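Biologist: I'm new to this one. Could you pick a single part and take me through it closely, starting from a residue in the core and going out to the loop beside it?

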Amino acid sequence: MANRGRSRVLFIDAFVNFLLGVALLCFDPVAGWLGVPASDTTFYPTILGAVLFGIGIALVWEGIRGDGQLVGLGLGGAIAINLCGGVVLTAWLLFGDLSLPLRGQLILWGLAAILVLISLAELSMRAKHGPDGLR
């Protein structure tokens, strides 16, 4: 049962990441429609930096596992990546003076909420099943 719950959370996380990846791949034609900042700001490099920082944290966590197995980032990596991205996006929305239209604000606040909420769901799964119950 623990693996089913873990798989479900990771599948939802993967789906969100696929949607975001496609949106970024098609960014130029959809940026205006989404109401998000233009690429001439430091907004996107900062968000990408936060995600890469989260990946770095996840890699360190995997590297210090100590069991000698070659394992993907899994739940810990997803939590680190999503929290880093969500926190930096929230900081941009609060302090970045982005001058976004309402649609852009709603989309980006929604994205920040999704990233933080999925991280909390993943932390909850880990707390509920323990570190060994989600392998």
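**From the core to the loop**

Modeller: Let's start with Leu 108, which touches Val 36, Pro 37, Phe 43, Leu 89, Leu 93 and Leu 100, leaving aside residues up to four places away in sequence. Keep in mind that this is a predicted model. Leu 108 also belongs to the largest nonpolar core, a set of 13 residues. Along with Val 36, Phe 43, Leu 89, Leu 93 and Leu 98, Leu 108 is among those that touch the most other members. As for who supplies this core, helices H2 (27–34), H3 (43–63), H4 and H5 each give two or more residues. Nonpolar side chains tend to be buried together in soluble globular proteins.

Just after H4 comes Asp 97, with a positive phi of about 50°. Asp 97 has 70% relative accessibility, so Asp 97 counts as exposed.

Ser 99 lies in the loop between H4 and H5 as well. Ser 99 has a positive phi near 50°, and this residue isn't glycine either. Its relative accessibility is 67%, so Ser 99 also counts as exposed. Leu 98, meanwhile, is one of the core residues that touch the most other members.

Methods. Residues are numbered from 1 along each chain as its sequence is written. This is a predicted model: local features need pLDDT of at least 70, side-chain atom pairs count only at pLDDT 80 or more; totals for chains, interfaces and linings use all residues. Side-chain values use heavy atoms; hydrogens and water are left out. Buried means under 20% relative accessible area, exposed over 50%, partly exposed in between (1.4 Å probe, protein chains only). Helices (H or I, at least four residues) and strands (E, at least two) are DSSP runs, numbered from the N terminus. A nonpolar core is a set of buried Ala, Val, Leu, Ile, Met, Phe, Trp, Tyr and Cys residues joined through side-chain atoms within 4.5 Å. Contact means heavy atoms within 4.5 Å.
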